[in-house]
Amino acid sequence: MKKLLRSLLRARWFQLAVGFLVAEYLRLVWRTNQFSFDPADVYERAEPHQPLIFAFWHGQHFLTSFIKTRDDHRAKVLVSRHRDGEFNAIVAERLGVETVRGSGDHGSAFNRKGGVGAFKEMVRSLEDGYNIALTADVPKRSRVAGLGIIMLARESGRPILPFAMVTSRFIRLNNWDRTTINLPFGQGAVVGIDAIVVPPDADGQTMEALRLQLEEYLNESTRRAYAKVGRPEAG
């Protein structure tokens, strides 16, 4: 039975079918929730500074494709090479966001999982005018920002924009990243926090301070977003 299930999950037709269904479900969620924005002119503030590095917490990723609201906004999202990542890539691409495949892992797994290649591709994409969206967490350590995203900002010279996108109705799983499955027919909020700029000559101490600041901004944006939809306890 397990072998049959593994074969099914690897079958391209099954991945495409599931990706299609998930993408259309997320469109339903986006269209049936009434979203507010904090600040109200968050897009107007962000546009002059594009391309940007959009940072968000793992587990809050399902609606992040909708951060791209105009056809002329070019965006890519970092998606792992794991089997689960294949489904995420299909969903993102169906929703109009290109993908960079690789891992944000550190240490010995970094090269094996394509982390170096993905990092270089993200730098090139930013140079070509693409916004890059990626989770800030260290893998398997929820709400702990890694240095990888700080390194990307230092190397590319592009600002990091921390944000949270939440809905009032959701199911939260009891796993490492507290995955939140957004539900339709409620209230939604997108909260952006001040951009973080990493100097090109930032040393280890500066980068660690900025990593902690990114954590603080992401936690604050999450707290404010859930408060705006009437679910402060969820933040």
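Mentor: Let us start with residue classes: Ala, Val, Leu, Ile, Met, Phe, Trp, Tyr, Cys and Pro count as nonpolar, Asp, Glu, Lys and Arg as charged, and the others, Gly among them, as polar. By these classes, the lining of the largest cavity holds nine nonpolar, four polar and two charged residues. The model is a predicted one, in which local features need pLDDT of at least 70 and side-chain atom pairs count only at pLDDT 80 or more, while totals for chains, interfaces and linings use all residues. Residues are numbered from 1 along each chain as its sequence is written, and side-chain values use heavy atoms, with hydrogens and water left out.

Trainee: What makes a space a cavity and not a pocket?

Mentor: On a 1 Å grid over the protein atoms alone, a cavity is a set of points where a 1.4 Å probe fits but cannot get out, whereas a pocket is an open set with protein on both sides within 12 Å along at least five of seven lines; lining residues have an atom within 4 Å of a point. Points are joined across faces, edges and corners, and the volume is the space filled by probe spheres set on them. The search of the whole structure finds three cavities of 30 Å³ or more, and the largest of them contains about 170 Å³. It is lined by 15 residues, of which Tyr43, Ala46, Phe54, Ile67 and Leu161 are the closest to its centre.

Trainee: Which element gives the most to the lining of the largest cavity?

Mentor: Helix α3 does, with three residues; helices (H or I, at least four residues) and strands (E, at least two) are DSSP runs, numbered from the N terminus. Helix α3 covers residues 42-46 and also gives the most to the lining of the second largest pocket, again three residues. That pocket has a volume of about 250 Å³, and among its 13 lining residues Arg45, Leu161, Ile193, Asp194 and Ala195 lie nearest its centre. Its lining divides into eight nonpolar, two polar and three charged residues.

Trainee: Why is the pair of Trp13 and Phe14 called edge-to-face?

Mentor: Rings of Phe, Tyr and Trp (its six-membered ring) pair if their centres lie within 6.5 Å, and planes under 30 degrees apart count as stacked, over 60 as edge-to-face and the rest as tilted. The count by this rule is eight aromatic pairs. The centres of the Trp13 and Phe14 rings are 5.8 Å apart and their planes stand at 85°, so this pair is edge-to-face. Phe54 and Phe163 also form an edge-to-face pair, at 6.0 Å centre to centre and 85° between the planes. That pair joins distant parts of the chain, with Phe54 in strand β2 and Phe163 in strand β8, 109 residues apart.

Trainee: How do you know whether Trp13 is buried or exposed?

Mentor: Buried means under 20% relative accessible area, exposed over 50%, and partly exposed in between (1.4 Å probe, protein chains only). Trp13 has 59% relative accessibility and therefore counts as exposed, whereas Phe54 and Phe163 are both buried. Ala189, at 0%, is buried, and Arg178, at 38%, counts as partly exposed.

Trainee: What makes the phi of Arg178 worth a remark?

Mentor: Most residues other than glycine have a negative phi, and most peptide bonds are trans. Arg178 is not a glycine, yet its phi is positive, about 50°; the residue is found in the loop between β9 and β10. Phe185 likewise has a positive phi, near 65°. As for peptide bonds, the one from Asp38 to Pro39 is cis, with omega near 0°, and a cis bond also joins Gln50 and Pro51.

Trainee: How do you know that the length of helix α8 agrees with expectation?

Mentor: The expected span of a helix is 1.5 Å times one less than its number of residues. Helix α8 has 25 residues and should therefore span 36 Å, which agrees with the 36 Å between its end C-alpha atoms.

Trainee: What places the charge of Arg74 over the ring of Tyr130?

Mentor: A charge sits over a ring if NZ of Lys or CZ of Arg is within 6 Å of the ring centre and within 35 degrees of the ring normal. Arg74 lies over the face of Tyr130 at 4.2 Å from the ring centre, and the charged end of Lys76 sits over the ring of Tyr130 at 4.5 Å from its centre.
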